[in-house]
Number of protein chains: 2
Amino acid sequence: MTTPDHGIRVAVSTVIVALRRHPETGELALAMPLVRRVTEPFEGSWALPGGWVGVDEGLEESAATRLFETTRVQPRYLEQLYAFGDVDRSPDRVVSIVYWALVRGDETPGVPDDWNVRWFFAEHLPRLAFDHDRIVDYALWRLRNKVGYSRIAQAFLGDRFTLAELRSVHEAILGRRLDPANFRRQVAQSDAIVATDEVSSGGRHRPARLYRSNPLLAFADNGPLGSDRPPAPPTGT
Amino acid sequence: MTTPDHGIRVAVSTVIVALRRHPETGELALAMPLVRRVTEPFEGSWALPGGWVGVDEGLEESAATRLFETTRVQPRYLEQLYAFGDVDRSPDRVVSIVYWALVRGDETPGVPDDWNVRWFFAEHLPRLAFDHDRIVDYALWRLRNKVGYSRIAQAFLGDRFTLAELRSVHEAILGRRLDPANFRRQVAQSDAIVATDEVSSGGRHRPARLYRSNPLLAFADNGPLGSDRPPAPPTGT
């Protein structure tokens with residue numbers, strides 16, 4: 001892409017949020033891949049994966065392509081989060097269209113964890129390049145905000161899940177413990193999930209009832225924008 | 001602003017939504033100001049107010065400035081809606097950062113209604129320039145979607161309002177009648193508004209209890225983005 005004189009350049013960045021088991025606590029925690037910058041400005045700093053928008057690329061296409069090029073992550077969907085365009089956010093004038101995706105563990109098999117790309121837990125992020133700290137803060141705030149009124153937590157789970165698994169996702173997003181009895185009561189009052197006839201195979205726990213998403217409830221989607229996007233994500237904008 | 005060769009230009013557009021009384025039905029209805037294009041492409045067509053982002057302007061500053069220049073509307077706040085960047089949305093490559101605002105009648109005193117700027121009811125929009133039909137569809141969809149889980153309807157009202165006034169705002173947004181008894185019950189169950197000791201002065205109706213927003217409920221805001229923005233809008237992102 002040609003760099004315009006005195007113009008504004010358009011970039012994309014993506015916040016990928018996954019749940020990973022913390023090696024020390026054993027608990028699920030929010031984690032994201034970051035990319036080490038190899039050029040100035042902020043050479044050597046960690047940044048969100050992204051890059052310039054090609055003149056022939058749509059915004060979401062560009063975000064997905066830059067994400068794959070830098071991290072090999074291919075989420076089932078990306079959702080536009082916000083456009084960041086403060087005048088002083090970069091030495092040159094750059095407007096960044098930021099996307100985000102919530103991914104399950106099985107969607108990140110190819111992600112390297114090496115010198116240039118590394119997964120960080122959200123609670124232990126380094127100081128990031130540009131205004132990426134602020135972008136991540138905003139993404140995590142949105143995630144915590146949305147978990148209260150949407151089915152967004154189910155994005156991290158498979159087709160079938162136990163109430164304990166759903167609660168552990170809520171706990172990881174909110175960063176605090178939830179009372180199991182209260183959680184069960186609240187979920188029972190909502191129509192977000194329905195019980196199946198199946199039970200979990202247990203492992204070290206005793207078998208527990210498996211639940212699934214309520215198919216009668218449409219996943220909240222992007223409405224009129226949905227038609228040229230991937231299948232409606234389980235997020236609830 | 002210099003136009004880059006083969007680059008991407010950044011524009012802002014704003015969807016202003018107000019409630020105006022329809023002259024034929026006498027009912028409140030969603031309305032918005034549109035601007036007639038005086039150059040190609042789409043010369044003579046109606047479009048959302050907007051223009052190019054100056055290299056020294058922040059995005060919201062730019063949206064507010066272009067909006068004032070074209071329509072004289074100065075909303076108390078603007079909220080970023082979405083960035084539209086399809087490759088074919090304009091003959092040149094243009095990424096438009098779209099803002100929106102819900103305004104009360106008393107915020108639009110200076111709006112001209114002439115050959116170049118005109119207010120249209122949302123139900124009777126002409127075919128708009130570029131992809132602005134799609135942008136308006138998305139804004140109205142978001143508005144209808146948000147009215148269910150947020151206090152967004154109160155953005156159209158003053159400090160004190162009757163239940164009938166609040167219901168008429170909901171009806172205008174949703175485009176359908178709501179049962180008064182059901183509406184009263186639902187509002188009573190929520191903690192979004194609280195009764196005052198005051199009653200309306202009536203006019204041709206008998207005096208009715210006045211309500212106000214619940215001050216204990218923080219207006220949903222933009223979280224970490226809020227600090228450098230105007231006072232938190234009564235929307236509920």
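Me: Is the crossing of helix 2 and helix 3 of chain A left-handed or right-handed?
Reply: In this model, which is predicted, the crossing of helix 2 of chain A and helix 3 of chain A is left-handed.

Me: At what angle do helix 2 and helix 3 of chain A pack?
Reply: Helix 2 (residues 132–147) and helix 3 (residues 163–174) of chain A pack at an angle of about 140°, and their axes are 9 Å apart. That angle makes helix 2 of chain A oblique to helix 3 of chain A.

Me: And which residues meet there?
Reply: From helix 2 of chain A come Leu143(A), Arg144(A) and Val147(A), and these meet His170(A), Ile173(A) and Leu174(A) in helix 3 of chain A.

Me: Switching to chain B, is strand 5 buried or exposed?
Reply: Six of the six residues of strand 5 (residues 79–84) of chain B are buried, so this strand is largely enclosed by the rest of the structure.

Me: Which strand does strand 5 of chain B pair with?
Reply: Strand 5 of chain B pairs with strand 6 (residues 94–103) of chain B in the antiparallel sense, over five bridges, and Glu79(B) stands opposite Trp100(B) in strand 6 of chain B.

Me: Back to chain A, where does pLDDT stay under 50?
Reply: Chain A averages a pLDDT of 84, with 82% of its residues scoring at least 70, but pLDDT stays under 50 over residues 1–5 of chain A and over residues 227–237 of chain A. Where pLDDT is low, the predicted coordinates should not be read in detail.

Me: What ipTM does the complex get?
Reply: The predictor gives the complex an ipTM of 0.83, together with a pTM of 0.85.

How values were computed
Residues numbered from 1 in each chain as written. Chains lettered and ligands numbered in written order. Predicted model: local features only at pLDDT ≥ 70, side-chain atom pairs only at ≥ 80, totals over all residues. pLDDT = per-residue confidence, 0-100. Contact = placed C-beta atoms within 7 Å. Buried ≥ 20, exposed ≤ 12 C-beta atoms within 10 Å, placed from the backbone. Helix = DSSP H or I, 4+ residues; strand = E, 2+ residues; numbered from the N terminus. Pairing = 2+ DSSP bridges. Axes fitted to C-alpha atoms, helices over the stretch in contact; angles between N-to-C directions. Parallel < 35°, antiparallel > 145°, perpendicular 65-115°, else oblique. Left-handed = near helix turned anticlockwise from the far one by under 90°.
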